[in-house]
Amino acid sequence: MTPIIETRDLGKRYRHKAALTDCTLRVPAGRIVGLVGPNGAGKSTLLGLTCGLLAPTTGTIAVLGDRPAAGAAQLAKVGFVAQDAPVYAGLSVADHLKLGRKLNPRWDMGLAQRRVQQLGLDPAQKAGRLSGGQRAQLALTVAAAKRAELLILDEPVASLDPLARSAFLRDLLEFVAELGVSVVLSSHLLGDLERVCDHLIVLAAGRVQLAGDVGDLLAEHYRLTADQADPAMLPAGAEIVHADDSARETAVVVRSSQPIDGAAHADLEDVGLAYMTRAAMASVRGTAETGVRR
Ligand SMILES: Nc1ncnc2c1ncn2[C@@H]1O[C@H](COP(=O)(O)OP(=O)(O)OP(=O)(O)O)[C@@H](O)[C@H]1O
């Protein structure tokens, strides 16, 4: 199957600032992809390149097998919700649906109206008067009713409270199952992504630190105590990703393709944080980690 995103040595500079460097990725179809990284990691830049709002400085990117925004057919295949769920404040909910129908050849009005009803949104309400969570839901509804093959959501839950975040993500899962679309969503909160994603990309300092299917990543990462992480005791090829000594007991995240006796598997939050912290420390030391890990 054609990958949803395939990049090779992709890079983006803004004047003198390198926002994304040497990004090589292959994301299989049918995934819910979590793109995680700290502020300024390059997440929005990668998503902007993916939907064709930005042009690469170096390298190549193909989305659903074609150049992003290559033409009307390609544009129709990708739905994008930018950060802060932009909606037209002066237009009503119903106006948004009408505009969606006008602008999108594959618009599914039945789906849009059904979702508006399920969410309890008043069609006559001006979007500027909706709550942050309702605006995010409206923006998602408009993107989904395009009947796109790929939905790209840039920090869709950033402005929501924990309850609204949880409801939004639950809703997203149901919705993805119903439509069979692939999704890429970014966040700097791993906890949010852990619940919904089956593929993870960790970005830090403009570089991919880790990428792969969640099941594969969890299978080869372990959380050890300092004693267990004695390099002499680890299997050949095992790599200590990061040792976190901020808690009472040091927690060491180790990557190993071979099982480590007596060690517990790390969870996704442990794994993501280990790679992000390692990158942050390397960048402070001026020796940014570069390895793309897949
Ligand atoms: N238009 C621009 N001009 C100059 N620099 C930019 C521009 N957009 C982003 N940058 C810089 O590129 C880097 C990556 O920014 P980007 O917005 O992609 O990160 P992000 O991971 O989405 O961050 P956040 O989580 O804070 O939204 C940052 O250092 C940012 O300052």
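# A tour from a loop residue to the ligand shell

Start with Arg147, in the loop that links α5 to β6 (150-153). The model is predicted. Look at the backbone of Arg147: phi is positive, about 60 degrees, although the residue is not a glycine. Most residues other than glycine have a negative phi.

Now select Leu64. This residue sits in the loop between β4 (58-63) and α2 (72-77). Leu64 is not a glycine, yet its phi is positive, at about 50 degrees. Here 19 other C-beta atoms lie within 10 Å, and Leu64 is partly exposed. The cut-off for buried is 20 or more.

**The helix pair**

Show helix α3 (residues 93-103) and helix α5 (residues 132-145) together. Their axes come within 10 Å and cross at roughly 20 degrees. Angles under 35 degrees count as roughly parallel, and α3 and α5 are therefore roughly parallel to each other. The crossing of α3 past α5 is right-handed. To see the contact, display Val93, His96 and Gly100 on α3, then Leu138, Val142 and Ala145 on α5. Colour these contact residues by class: four are nonpolar, two are polar and none is charged.

Move to strand β5 (residues 78-81) and pick Phe80. Is Phe80 buried or exposed? Phe80 is buried, because 22 other C-beta atoms lie within 10 Å and 20 or more is the cut-off. Leave aside residues up to four places away in sequence, and Phe80 touches Cys51, Ala143 and Ile152. Then draw a C-alpha to C-alpha distance from Phe80 to Thr57. The two are 21 Å apart in space and 23 residues apart in sequence.

**The ligand shell**

Finish at the ligand. Which residues are around the ligand? Select Tyr14, Lys17, Ala19, Gly37, Asn39, Gly40, Ala41, Gly42, Lys43, Ser44, Thr45 and His188. Which element gives the most to the shell around the ligand? Highlight α1, which gives the most, with three residues. Now colour the shell around the ligand by class. Seven of its residues are polar, three are nonpolar and two are charged.

Note on methods
Residues numbered from 1 in each chain as written. Predicted model: local features only at pLDDT ≥ 70, side-chain atom pairs only at ≥ 80, totals over all residues. Axes fitted to C-alpha atoms, helices over the stretch in contact; angles between N-to-C directions. Helix = DSSP H or I, 4+ residues; strand = E, 2+ residues; numbered from the N terminus. Parallel < 35°, antiparallel > 145°, perpendicular 65-115°, else oblique. Left-handed = near helix turned anticlockwise from the far one by under 90°. Contact = placed C-beta atoms within 7 Å. Nonpolar A, V, L, I, M, F, W, Y, C, P; charged D, E, K, R; others polar. Buried ≥ 20, exposed ≤ 12 C-beta atoms within 10 Å, placed from the backbone. Near = placed C-beta within 6 Å.
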